[in-house]
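Dear colleague,

Please find below the structure that I am handing over to you. My findings follow after it.

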Amino acid sequence: MRRPLVAGNWKMHGSRAEAGRLVDELIAAGAGTAEVVICPPFVYLPDVGRRLHGNAIMLGAQDVCAEDIGAHTGEVSAAMLADVGCRFVIVGHSERRALYGEDDALVARKFAAVLRHGLVPILCVGETLQEREQGITNGVVTRQLEAVLGVAGIAAFAAAIVAYEPVWAIGTGRTATAGQAQEVHALIRGRIAEKDATIAASLRVLYGGSVKASNAAELFANPDVDGGLIGGASLKADEFARICAVAGK
Ligand code: PGA
């Protein structure tokens, strides 16, 4: 009932030529039955968007400004992202939180800005290794989720996606076990269900953190895992296409 979705987060990698090559290879590989989104760096969005024209693969951005317009040097608004063909926007990625000081309140405002412009936010939540070792994973993920619920309200989650990304699994080659992923995914869906069971049942919760073609099947087989947010492996067309194929099975 929930169509799986795989989003590729290219992060700050590649050149214009490499972005073009990667997207052309992805188109050639075919999207399969899962929904597929690719999130290139801002500056390559128009170019990649043009190449995707008429293809089922959709365009997403890695970040957004919480404000709609004005004197915000260096920022990019949700309206601008919609204008160049984006349908999805990642908000609250752990690298934004850790390296650029984004707190729960700012992430919630970004989430709301994305929705104001008819785009789909992919809200990232997840604990650090220290937090997991302290046994506070559930508390951290709940806090991150509640901050957004408090600002945007439960109804907003009918048009949103959540990605559980344990920080210790991102770019480390260390993946959560299927059991660890399922436990937190069920917690996320449960929190949403406390407020609205219908929205919870249709909410897609993606897993992210060192997903590869070789471990995707095990992770995606969990009942509450509805696809993946893929970093490193999204930069290799064949690997990413294989992950998308697994999600679509
Ligand atoms: P990774 O990144 O797949 O390279 O671990 C995931 C992410 O940061 O979204």
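The notes below cover the ligand and then the salt bridges.

This is a predicted model, in which local features need pLDDT of at least 70, side-chain atom pairs count only at pLDDT 80 or more, and totals for chains, interfaces and linings use all residues. Residues are numbered from 1 along each chain as its sequence is written, and side-chain values use heavy atoms, with hydrogens and water left out.

An oxygen atom of the ligand lies 2.7 Å from a side-chain N or O atom of Lys11. The ligand alone exposes 280 Å², of which the protein buries 95% (Shrake-Rupley method, 1.4 Å probe).

**Salt bridges.** The structure holds 20 salt bridges, each a side-chain nitrogen of Lys or Arg within 4 Å of a carboxyl oxygen of Asp or Glu. One of them joins Asp224 and Arg189, with the closest N and O atoms 2.5 Å apart. Asp224 sits in the loop between α10 and β8, and Arg189 in helix α8, 35 residues apart. Asp224 is buried (under 20% relative accessible area) at 13%, and Arg189 is buried at 8%. Shared partners join Arg2, Arg189, Asp224 and Asp226 into one network of salt bridges.

Yours sincerely

Conventions. Polar contact = N/O pair within 3.5 Å; in protein donor to acceptor, adjacent residues only side chain to side chain. Helix = DSSP H or I, 4+ residues; strand = E, 2+ residues; numbered from the N terminus. Buried < 20%, exposed > 50% of the residue type's maximum accessible area, 1.4 Å probe, protein only.
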